[in-house]
Every structure is written in structure tokens, then in C-alpha cells.
Amino acid sequence: MDRPLDEGRAGEGDPPAVDDVEMTEEATVHDDTELERTIGLVGGLAIGVGTMIGAGIFVFPGLAAGEAGPAAAVSFAIGGVVALLVALPASELATAMPRSGGGYYFISRGLGSVYGAIVGISLWLGLVFASAFYLVGFGEYAGAALAEVGISLPGSASIALGVAFGVILTVLSATGTENAAKLQNLIVGFLLLILSVFLTYGSLDALGVFGAESVPEAFAPQGYFPVLTTAALVFTSYLGFAQIATVAGEIKSPSRNLPLAMVGSVLIVTVFYVVTIFVATSAVGSEALEGFGETAMVEVGREFFGTGGAVAILLAGLLATFSSANASILSSSRAIYALSKDALLPAKASEINLRYGTPHIALALAGGPIVVLTATGQVELLAEVASFLHLVMYGLICIALIVLRRNPPDWYDPDYRMPGYPLLPAVGAVSSFGLIAFMGRVSIAVGGIIMVMAVVWHRYYAREVRLKGVL
Amino acid sequence: MKPTIIVPVRVLEGEGIEQGVVELLANARVVLVGYHVLPEQTAPGQAREQFEERAQNRLTDIAEQFEGVGATVEKRMVFTQDSDQSIDRVAEEVDADATMVLNPATEMKDVLVAVRGDVILDRIVDVVGGLLHRTDISVTLLHVATPDSDIDGTALLDETSAVLQEAGVSDDRVESRIETSGTPLDRIAEIANNYDAIVLGESNPSVTTFLFGETSQKVAERFMLPVVRIRQPRDIEDADAEIAEAAEEATDDGEDEIDGEESE
């Protein structure tokens with residue numbers, strides 16, 4: 001824990017911890033103590049895909065098709081391109097700094113502690129908003145599942161289900177000692193399998209293999225502007241890849257597995273999203289899809305395979321939204337840990353519970369607001385604010401890459417170097433910030449207020465913390 | 001040469017080492033691996049910040065126990081979400097001969113050695129000889145044959161006993177015992193109840209699924225006594241190639257040097 005004298009002059013807070021460390025493929029070695037890397041490539045992909053797929057396939061198709069028609073597929077494609085433009089620089093930065101904390105870590109080291117504070121707090125709360133959004137989706141699926149077995153509840157009951165599940169999830173993650181990583185891999189494998197069968201059949205059907213070709217409706221019935229606003233809305237479906245970087249400290253052979261997992265998971269989900277919209281709009285039409293709301297895919301499943309199809313999609317939807325919410329709570333608590341390690345939040349925030357071995361305070365700081373936000377039931381607002389807060393970070397990741405490449409500190413030696421510098425990261429930054437402009441006014445206002453509050457917090461609590469260039 | 005033995009200890013859960021184990025390893029190079037298993041909710045670095053000092057202090061206390069009886073001790077401390085992976089990694093890094101699975105043992109008088117006819121018999125004998133030659137601990141060599149086995153148990157144990165004697169474990173301390181059972185592992189566990197520790201090999205995966213793939217937790221539950229698990233060289237083909245090479249070199253250097261080598 002030795003730290004050079006001229007760095008980390010913290011004010012009221014504790015000094016940021018700067019360690020003498022050695023990285024190997026399998027462990028991080030701090031003086032006498034080793035930290036094992038336990039997540040392989042499959043585990044990394046499962047984190048990325050598992051976090052993302054719940055939103056894009058099981059919550060958004062109805063909303064997106066309602067706004068943009070079949071052209072919603074283009075909206076998803078745009079989101080995928082933006083995500084890829086960020087996944088590349090994020091991969092380079094992650095191989096240069098394979099530490100837990102992800103985007104927060106890169107930006108605080110590349111651009112300094114003010115940006116670090118903004119991004120760290122945005123990441124924490126962005127994941128809180130995202131998780132609340134997944135839980136609202138989960139509640140919808142739980143309500144639909146109950147309706148399917150003949151228990152119909154009043155309209156607001158699905159929100160109550162989402163809230164209840166948010167509480168359960170938070171308590172479980174604070175008290176559970178079982179390692180669920182293996183389970184996550186299985187869930188994601190199962191989801192991809194169901195979806196592949198379903199989408200293959202659906203695509204063949206849409207192309208007219210099993211009967212009359214479906215009547216093509218206007219591709220972009222509302223014109224092309226809604227395609228962009230929809231892209232901004234559904235961008236929440238791409239928030240998972242950066243979560244892989246939040247556990248970068250636990251990834252085996254990080255120089256190989258981090259880029260593969262980040263870029264790979266974006267490519268996988270993009271294909272699935274685009275095909276899903278194509279299949280869903282061909283099967284029932286975008287207007288009908290809109291009418292079905294968040295659980296529209298259940299009706300698409302019913303259209304193809306009857307009740308069995310509906311049940312399969314319900315089950316998959318419950319699993320997918322659950323795994324997204326769970327992954328986001330865990331990542332959010334990692335973001336809090338990274339902030340508190342750097343003295344941008346009190347050290348108390350990352351304290352570990354001796355009995356359960358879990359960071360109970362950080363989990364409560366994530367889970368508490370998640371439950372409150374889930375209770376609002378505002379799907380689109382939650383999604384857009386989550387995207388807003390992430391897009392700010394994504395744009396800054398691209399800028400951090402440019403800054404670090406132009407003026408590299410001596411520790412900057414990434415094993416993976418992204419192609420197309422400086423054009424691609426610049427395009428990545430512009431498109432990340434640009435997408436924000438197409439969001440609803442309320443979402444932009446809420447996101448903006450959170451960022452201002454982050455700056456105020458930094459001025460008040462951690463003005464003296466220096467992080468730029470400190471590895 | 002002192003055999004290198006990995007001794008994994010869950011330091012933060014108050015796991016300690018009993019005197020019997022300390023006595024058994026007095027002639028070993030002990031690589032003490034303190035570990036703490038974390039749920040996936042917890043970043044290993046987060047746990048390190050909070051628990052490192054306590055863990056290191058505890059590890060130092062345990063190291064002193066071993067140093068007190070003359071063992072060479074190295075310390076490692078790992079925060080991990082997968083203890084078996086960490087223990088395997090360290091074992092690989094220090095090229096360990098065996099991994100200790102801890103269980104209570106207040107004294108160390110009688111050690112059971114499970115012998116099968118496979119590639120790691122050499123290593124088993126090396127470790128047992130290395131650990132016991134300067135002690136008065138007695139050894140029972142046990143071969144449990146399956147009903148359809150074609151291994152000559154008596155010859156195997158005689159040969160093993162002879163090699164042990166060369167290593168400094170005199171004849172009068174060594175007993176042999178041959179049994180037949182359809183479920184050898186259960187039979188071994190049963191017999192082991194009368195001993196203070198057991199030495200057995202990880203299996204050659206191509207021959208049988210003896211203990212291969214069993215986590216140390218499972219091994220600890222199956223045997224109620226300390227277990228010295230002899231490590232299988234990770235790549236059997238490599239090991240075979242090495243043996244073949246060594247034999248070839250030996251032949252080149254002259255007949256004398258391969259005397260005493262196993263004929264297999």
C-alpha cells in the first residue's frame with residue numbers, strides 16, 4: 001500500500017489506495033497476497049449477454065415497433081454499432097488496466113478525478129436505473145405468467161411483483177454465499193438455445209417457407225426520425241458489455257478474454273435483436289405488437305407455437321429479466337466499491353459483512369434505490385435515464401482512449417490496440433453523446449441533474465483526490 | 001530431497017493445524033496456502049483490503065508451528081472465488097508433490113498408503129520416504145484390488161516396500177495388506193478409520209476415475225483423517241515422454257544407471 005507522496009492528497013476522505021501490484025494471467029499479486037482470477041471467456045460472455053439480452057428481446061420489441069415500425073430493427077442495429085464503437089476502446093483500456101471498476105477506472109485514470117466522480121456516480125445510478133427497468137419488465141412477465149395459469153391480477157399488480165422481487169434479489173445477494181456464476185452460464189446458454197430455435201423458425205416463416213409470405217407493411221410507417229429516438233430508447237439493451245470490464249480484475253488471461261468477451265457479446269446480442277424485431281413485426285405486425293406492450297414476445301411465441309410457445313417465451317423472459325437485474329445490482333455494487341477505494345465515497349460503503357462475506361452496504365446502496373425506482377413503473381423513463389448515464393460514460397471512454405494514446409503515461413501498455421485510431425474513437429464519442437440528443441426531455445433532465453449532483457459531491461467531498469495517471 | 005507439500009488453510013474461518021499433521025510434515029517443504037473464499041458478489045480486492053492483515057497474522061502463526069518441528073515453510077495468501085482453482089494453481093507454480101487435505105489428527109503413529117499399479121507410484125514412494133525416513137511412524141501399504149483386476153498385488157507391495165527401505169523406511173516399520181472389493185474407494189475409506197493419516201494418488205484419468213476431479217472438500221468428507229493427495233503430473237503424456245527420454249539417456253550412459261528403475 002505504499003503510495004508516492006505527490007499523489008492522492010485526499011481532503012476529508014481517506015486517501016485513495018494505490019498498490020504495488022503484479023498482474024499474471026491467473027492472479028493479481030499484491031505484495032504477499034494473491035487475488036485469484038476465476039472468470040473465463042465463457043463466463044465473461046455470459047455476463048455481457050446475460051445482462052443485455054433481457055431488455056432487448058423481452059421488454060423492448062413492443063415499445064420499439066410501436067414507435068418505429070419494422071424499422072425498429074434499424075434502431076437496434078444503430079445501437080449495436082454505437083455499442084461496438086465503444087466496446088473497441090473499452091477493450092483496449094481494459095487490457096491496459098485490467099482492474100475492477102471498468103469504465104470508471106479508465107476515465108478516472110485517463111481524465112482525472114472530476115470526470116471519474118461523474119462517471120462513477122453515473123455508473124452506480126445508471127445501473128440502478130437499468131436494474132429497476134429490468135425489474136419492471138420482470139414484473140410484467142410474472143403478471144403475464146400468472147394470467148397464463150388463470151390468475152388474473154389488477155393492472156398495478158405487476159409493478160408490485162417487480163418491487164417484491166427487487167427486495168428479494170437485494171436480500172439474497174447480501175446474504176447468499178453460493179457462487180451463482182455457473183448458474184448464470186447455464187441460464188444464458190438456455191436462453192440462447194430457446195431464442196435460436198424460435199428465431200430460426202420465425203425467420204423461415206417470415207420469408208414464406210411455411211406458407212404464405214407475410215404481408216409486408218410499410219418499413220418505417222412513422223418516418224425515419226422515430227428510428228433515431230427509438231435507437232436512443234432501446235440503447236438500454238446494450239448496457240451489459242461494459243459490465244464485463246467492472247469485473248476485469250477477476251477475468252482470466254484478461255488481455256485475450258476481455259476484448260473477446262466485450263466485442264463478442266455486443267455482436268451476439270445485436271444479431272439476436274435485429275432478427276427478433278424482423279421476426280416479431282413479420283409475425284403479428286408492429287401495431288399489434290405495440291398493443292401487447294412489454295410482453296409482446298409472448299404473443300409472438302403464441303402465434304408460432306401456440307400455448308407451448310407462449311409458455312416458453314414467458315419462462316425465458318422471466319429468466320432473462322431476472323439475470324439482467326441480478327447482474328446490474330452486482331455491477332452497481334462493484335462501481336460503489338471502486339469509488340470508495342478511490343476515496344470518492346466513504347470507505348464504509350464497501351465494507352464487507354463478516355458473516356456472509358458480501359459487501360452489504362454497497363448492495364443496499366444499489367438495491368434500495370432500485371426498489372424505489374421500480375415502484376414508479378416508468379419503463380421508458382427508467383430505460384432512457386439508464387442509457388443517458390451510460391452513454392456519458394461511453395463517450396468519455398472514447399475520449400479517455402484518445403487522451404491516453406496522445407500522451408501515454410509510462411504504464412500505458414495495452415495488449416490489445418483498437419484499429420482505426422483516432423477516427424473510430426472520435427466517431428464513438430460523437431455518436432454516444434449524439435444519441436442522448438434523441439431522448440425524451442424528462443430523461444435528459446433527470447440524467448443531467450444526476451450529473452450535476454455528482455460534480456457537487458466531488459467539490460464537497462473529494463476535491464483533493466488526484467487520480468489522473470495513477471495506476 | 002524434501003517433498004513439497006501444499007497445505008491449504010481457510011485462515012479466516014479459524015481453521016488450524018493439529019499436532020499430528022505438523023509431525024507428519026516435519027521433513028517437508030511446506031507451502032502454506034492461506035485462502036479465503038468469496039461469493040461472486042464480492043471483489044477479491046475488496047476483501048483483501050479488509051482482511052489481509054488478519055489473514056497474514058494467522059498464516060504466520062501457523063507457519064511457526066511447522067518451523068518449530070524443522071519443516072521448511074513458504075507462505076501464500078489467496079483471496080478467491082474458487083478455492084480448488086487457486087490451490088491447483090499454486091501447486092503447479094511450486095511444482096508440488098502432494099496436496100494436504102486437512103482433517104483432525106492429534107497424533108501421528110500409523111500412516112496408511114493406498115497403492116495402485118500406476119504411473120505415480122514413484123512419486124508416492126518418494127513422498128512417503130521423504131516424509132517418514134527420519135521418524136518412527138509406521139506405514140501400512142494397502143492394495144485394494146477390484147474383482148476383475150489383473151494386477152499382482154503381492155508383487156506390487158513387495159516392490160514398493162523394497163523401494164521404501166532404500167529410501168530409509170526400514171522393513172520393520174512397513175506392513176502390507178491386500179484386499180478385494182468392488183468399490184475400492186469405500187473399502188479404503190473404511191480401513192483408513194484405524195489410521196492417523198492416509199496417502200493416496202490422484203488418478204490417471206485414462207485408467208480410472210479414482211479421485212480425479214473430486215474437490216478437496218469431497219475428499220475431506222469421505223476420509224475423516226488427514227489426506228496426503230499425491231499430485232498427478234498434469235500432462236501424463238509429457239510425463240511418459242520424460243520417463244522415456246530419461247530412460248534413453250540412461251541407456252546411452254551405460255546399463256548401470258537404469259538398474260533399480262521400474263521395469264514397466
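Student: Which residues form the negative surface patch?

Tutor: Asp122(B), Asp126(B), Asp152(B), Asp158(B) and Glu159(B). Patch residues have over 30% relative accessible area and no salt bridge, with like charges joined within 9 Å. This is a predicted model, where local features need pLDDT of at least 70 and side-chain atom pairs count only at pLDDT 80 or more. Residues are numbered from 1 along each chain, and chains are lettered from A in the order written.

Student: Which elements give two or more residues to it?

Tutor: Helix 4 (121–132) and helix 5 (153–166) of chain B. Helices here are DSSP runs (H or I) of at least four residues, strands (E) of at least two.

Student: And where is Asp152(B)?

Tutor: In the loop between strand 6 (138–145) and helix 5 of chain B. Asp152(B) is partly exposed, at 49% relative accessible area; buried means under 20%, exposed over 50%, and partly exposed is in between (1.4 Å probe, protein chains only).

Student: Why is strand 6 of chain B largely enclosed?

Tutor: Because seven of its eight residues are buried.

Student: Which strands are joined to strand 6 of chain B?

Tutor: Strand 5 (residues 110–114) of chain B runs parallel to it with five bridges, and Val111(B) has Val139(B) as bridge partner. Strand 7 (residues 174–180) of chain B is also parallel, with seven bridges; there, Leu142(B) partners Arg177(B).

Student: Switching to chain A, where does Pro221(A) lie?

Tutor: In the loop between helix 7 (181–206) and helix 8 (225–234) of chain A. Pro221(A) is 151 residues from Pro70(A) in sequence and 8.2 Å away in space, C-alpha to C-alpha.

Terms used: Heavy atoms only, no water. Patch = residues over 30% accessible without salt bridge, like charges linked within 9 Å, V, L, I, M, F, W, Y side chains within 5 Å. Areas by Shrake-Rupley, 256 points an atom, 1.4 Å probe, with all protein chains shown as cover. Salt bridge = Lys/Arg side-chain N within 4 Å of Asp/Glu carboxyl O. Lys, Arg positive; Asp, Glu negative; His and termini not counted. Charge placed at Lys NZ, Arg CZ, Asp CG, Glu CD. Pairing = 2+ DSSP bridges.
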